[in-house]
Amino acid sequence: MAGDEKAKGKVEQAKGKAKETVGRAVGNERMTAEGRAEQSKGDARQAKEKTKDAFRR
């Protein structure tokens, strides 16, 4: 289950990075901001899972 959440975090980070890159390429500030937000969400999910793993051991 934790692996699934970690994978979701990685996917969110990758999607966010792609969206941010496309947003910058086309000059769309909103898309760039949305991409950064998705990356942050993925980072938070990853951090949460790492913390949970630390307490399990």
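Select Glu20 to begin: its relative accessibility is 8%, so Glu20 counts as buried. Keep in mind that this is a predicted model. Glu20 sits in helix α1, which covers residues 2–26. Now show what surrounds it. Beyond four places in sequence, Glu20 touches Met31, Thr32, Gly35, Arg36 and Gln39.

Pick Met31 next. Met31 belongs to helix α2, residues 29–56. Its relative accessible area is 26%, so Met31 is partly exposed. Leaving aside neighbours within four places in sequence, Met31 is in contact with Lys19, Glu20, Val22 and Gly23.

Now turn to charges. Side chains of opposite charge can pair when their charged atoms come close. How many salt bridges does a search of the whole structure find? The search finds twelve.

Select Glu12 and Arg45. Their side chains form a salt bridge at 3.2 Å, N to O. Glu12 lies in helix α1 and Arg45 in helix α2, so this pair ties together parts 33 residues apart in sequence. Glu12 is buried, at 14% relative accessibility.

Move to Glu34 and Arg30. This salt bridge also has an N to O distance of 3.2 Å. The two are four residues apart in helix α2, so about one helical turn separates them. Glu34 is partly exposed at 34%, while Arg30 is exposed at 64%.

Finish with Lys52 and Glu49, a salt bridge of 3.4 Å, N to O. Lys52 is partly exposed at 36%, but Glu49 is buried at 1%.

Terms used. Residues are numbered from 1 along each chain as its sequence is written. This is a predicted model: local features need pLDDT of at least 70, side-chain atom pairs count only at pLDDT 80 or more; totals for chains, interfaces and linings use all residues. Side-chain values use heavy atoms; hydrogens and water are left out. Buried means under 20% relative accessible area, exposed over 50%, partly exposed in between (1.4 Å probe, protein chains only). Contact means heavy atoms within 4.5 Å. A salt bridge is a side-chain nitrogen of Lys or Arg within 4 Å of a carboxyl oxygen of Asp or Glu.
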